[in-house]
Amino acid sequence: MISYDIGQSGQSLEFVDKVLSHFERHRQIRFWQREAGGLLFARLALPAIEICAITGPRRSDRRGRYSYWPDEKAEQREIDDMFALNLHFVGCWHTHPEDVASPSQIDIRNTTDCVKRSRHVLNGFIMVIVGRKDIPAGMCVSVCDKASVYELPLSRGTAPQRPATATPTYGTVRNDRR
Ligand SMILES: [Zn+2]
């Protein structure tokens, strides 16, 4: 399990091992591997938000090396099914073919749009982008609200840290990605 601090809230975001190994499996390590993605579901055990279920990719998603368009109908069914199991939809994940992932402009726009449209148990929406490096070094975990995207730091004691050079530059434009 690894854990991230959510700002000054005293809350933490935890990923169980099953979810981490799902990320691990879909890293775009080979040149032919396409972007993958899906939804994240949590059990609320405040102050911990425990991400314990994950979906995707699905046969019906449209996936390219630098793009990913989920099957939105399938997503809605997943949200309904998980809700019945008392698991809350808290965000989404997808992969990037870069060593240390950071959100593209399109990721930021799509996610802030999504927050505006959805009613949600949390104030923000979790966005995980999985890069090629090992987990968690290559992975970017953010919380998005209606206006901005904030990257979350690993909780103290969760090793290894992301490399210092990995600070994402949100200004990078990669129009071919979402
Ligand atoms: Zn992306």
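## Strands, core and loops of a predicted model

Me: Where does proline 136 lie?
Reply: Proline 136 is in the loop between strand 8 and strand 9. Strands (E, at least two residues) and helices (H or I, at least four) are DSSP runs, numbered from the N terminus. Residues are numbered from 1 along each chain as its sequence is written. This is a predicted model, in which local features need pLDDT of at least 70, side-chain atom pairs count only at pLDDT 80 or more, and totals for chains, interfaces and linings use all residues.

Me: What kind of peptide bond joins isoleucine 135 and proline 136, cis or trans?
Reply: The bond is cis, with omega about 5 degrees. The peptide bond from glycine 56 to proline 57 is cis as well, with omega near -5 degrees. Proline 57 belongs to the loop between strand 4 and strand 5 (62-63). As a general rule, most peptide bonds are trans.

Me: How many helices and strands does the protein chain have?
Reply: The chain has three helices and 10 strands. Their order from the N terminus is β-β-α-β-β-β-β-α-β-α-β-β-β.

Me: How do strand 1 and strand 2 pair, parallel or antiparallel?
Reply: Strand 1 (residues 2-6) and strand 2 (residues 11-15) are antiparallel, with five bridges; two strands count as paired if DSSP finds at least two bridges between them. Tyrosine 4 is opposite leucine 13 of strand 2. The hairpin has four residues between the strands, and glycine 7 has a positive phi near 50 degrees there.

Me: Which residue of strand 4 is the bridge partner of leucine 13?
Reply: That partner is isoleucine 49. Strand 2 and strand 4 (residues 48-54) run parallel and are joined by four bridges.

Me: On to the core. Which residues have the most contacts inside the largest one?
Reply: They are Leu40, Phe41, Val90, Ile126, Met127 and Val128, in a nonpolar core of 33 residues. Such a core is a set of buried Ala, Val, Leu, Ile, Met, Phe, Trp, Tyr and Cys residues joined through C-beta atoms within 7 Å. Buried means that 20 or more other C-beta atoms lie within 10 Å of the residue's own; exposed means 12 or fewer, and partly exposed is in between, with C-beta atoms placed from the backbone. Strand 8 gives the most to this core, with six residues.

Me: What does isoleucine 126 touch?
Reply: Leaving out residues up to four places away in sequence, isoleucine 126 touches Leu13, Leu40, Val90, Gly91 and Val143. A contact requires C-beta atoms, placed from the backbone, within 7 Å.

Me: How many residues of helix 2 are buried?
Reply: One of its 13 residues is buried, and helix 2 is hardly covered. Asparagine 86, which follows helix 2, has a positive phi near 70 degrees. This asparagine is in the loop between helix 2 and strand 7.

Me: Why does asparagine 86 count as exposed?
Reply: Asparagine 86 counts as exposed because it has 9 C-beta neighbours inside 10 Å.

Technical notes: Two residues are in contact if their C-beta atoms, placed from the backbone, lie within 7 Å.
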